[in-house]
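I set out to record what I looked up in this structure, entry by entry.

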Amino acid sequence: GLAAADCGIASGDSWLVGGATTTGRTTLLTLTNPTEVSATVNLELFGENGVVAAPGTSGIIVPASGQRVLSLAGFAPGLVSPVVHVMSTGGQVQATMQQSVLRGLDPGGVDIIESSASPSTTSVIPGVVVGDETAIAAVRSSTSASEVLDDFATVLRLFAPGDELVPVTVRVVPESGSGAGASFSYDLDGGLVTDVPIQELEPGTYTVIVDS
C-alpha cells in the first residue's frame with residue numbers, strides 16, 4: 001500500500017496528536033526543512049501519564065533543504081497515547097508522524113499524522129470510521145494476545161496543555177446525513193493525554209466536533 005502526507009506549510013511551532021510506541025507499533029517523526037537555513041528543533045513529549053522527560057529531544061539539527069527521520073520509541077518507548085510539540089528556531093520545519101502496526105506477524109496498516117498549528121477551542125475531525133463492535137469483540141476473543149488488538153476500537157485522543165481541568169463537549173455526527181449520532185461532555189485533565197472511546201454507534205463514517 002501507499003500512504004503520503006500533504007505538502008504542508010513549514011512552521012516554527014506545531015503539534016502532532018497520534019501514534020504509539022507500544023509492542024507492534026512503530027512511530028516515525030519526520031522533520032522537513034524547506035528553508036535555506038538550518039533549523040534547530042526542540043521536542044516536548046506528552047503521554048497518558050503527563051510530560052515525558054527524554055534525552056535527545058533538544059537541539060536536533062535539520063539541515064537547510066533537508067530532512068530528519070526519528071523513531072519516537074527512541075525517546076519514549078511504551079507510550080500508548082503520545083502527543084508531540086515541535087518547536088524550531090532558525091529555519092522552519094514541517095512535521096509529520098508515520099505509524100505502522102504489526103499484530104503478531106500480521107501487518108495492521110499504516111497511518112500518517114499531520115501537524116496542527118496550535119491547540120484550539122474548536123476542532124472538527126471528518127472521516128472518523130466506527131467499526132462493528134460485535135465483530136471487533138469476536139476478533140479480540142479469538143486471540144490470546146489481546147494487547148495487539150487494543151487499538152481496534154475507535155477513540156478520540158484529547159490533550160490540553162497546562163494543568164487545569166478543561167470541560168470538553170464532543171458531538172459525533174453521521175456523514176451520511178441520516179442515522180443517530182452522539183453527544184457527551186468530558187472533564188479533561190490538563191497535561192495528560194486521554195483517549196476517549198467512541199462507542200454504541202452504528203458502523204459508518206462520522207464527523208467529530210470538539211468544543212472546549
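**Entry 1: a pocket**

I noted a volume of about 160 Å³ for the second largest pocket. The model is a predicted one, in which local features need pLDDT of at least 70 and side-chain atom pairs count only at pLDDT 80 or more, while totals for chains, interfaces and linings use all residues. Residues are numbered from 1 along each chain as its sequence is written, and side-chain values use heavy atoms, with hydrogens and water left out.

For the term itself I used a 1 Å grid over the protein atoms alone: a pocket is an open set of points where a 1.4 Å probe fits, with protein on both sides within 12 Å along at least five of seven lines, and lining residues have an atom within 4 Å of a point. The volume is the space filled by probe spheres set on the points, which are joined across faces, edges and corners.

Which residues line the second largest pocket? I listed A5, D6, L28, T30, T32, Q67, V69, Q94, T96, Q98 and I112. By class, the lining holds four nonpolar, six polar and one charged residue. Here Ala, Val, Leu, Ile, Met, Phe, Trp, Tyr, Cys and Pro count as nonpolar, Asp, Glu, Lys and Arg as charged, and the others, Gly among them, as polar. Strands β2, β6 and β8 (94–103) each supply at least two of the lining residues. Strands are DSSP runs of E, at least two residues, numbered from the N terminus.

**Entry 2: the sheet with β2, β6 and β8**

I traced an open sheet of four strands in the order β6-β2-β8-β9, with antiparallel pairing. Two strands pair if DSSP finds at least two bridges between them. The edges are β6 (66–71) and β9 (106–114); each has a single partner strand, so one side of each is left without a neighbour in the sheet. Neighbouring strands are turned by 20° against each other on average, direction ignored; the axes are lines fitted to C-alpha atoms. Between β2 (residues 25–33) and β6 I found six bridges in the antiparallel sense. L28, one of the pocket-lining residues, stands opposite S71 in β6.

**Entry 3: a second sheet**

Another open sheet of four strands has the order β10-β15-β12-β13, and its pairing is antiparallel. At its edges stand β10 (122–130) and β13 (182–189), each with a single partner strand, so one side of each has no neighbour in the sheet. The twist averages 25° from one strand to the next. Eight bridges join the antiparallel strands β12 and β13, and R171 has S183 in β13 as its bridge partner.

**Entry 4: aromatic rings**

W15 lies in β1 (residues 13–17) and F46 in β3 (residues 39–47), 31 residues apart. Both are buried, that is, under 20% relative accessible area with a 1.4 Å probe, protein chains only.

F46 also pairs with F159 in a tilted arrangement, 4.7 Å centre to centre and 40° between the planes. F159 lies in the loop between β11 (155–158) and β12 (165–174), so the pair ties together parts 113 residues apart in sequence. F159 is buried at 17% relative accessible area.

Methods
Axes are lines fitted to C-alpha atoms, for helices over the stretch in contact, and angles run from 0 to 180 degrees between N-to-C directions. Buried means under 20% relative accessible area, exposed over 50%, partly exposed in between (1.4 Å probe, protein chains only). Rings of Phe, Tyr and Trp (its six-membered ring) pair if their centres lie within 6.5 Å; planes under 30 degrees apart count as stacked, over 60 as edge-to-face and the rest as tilted.
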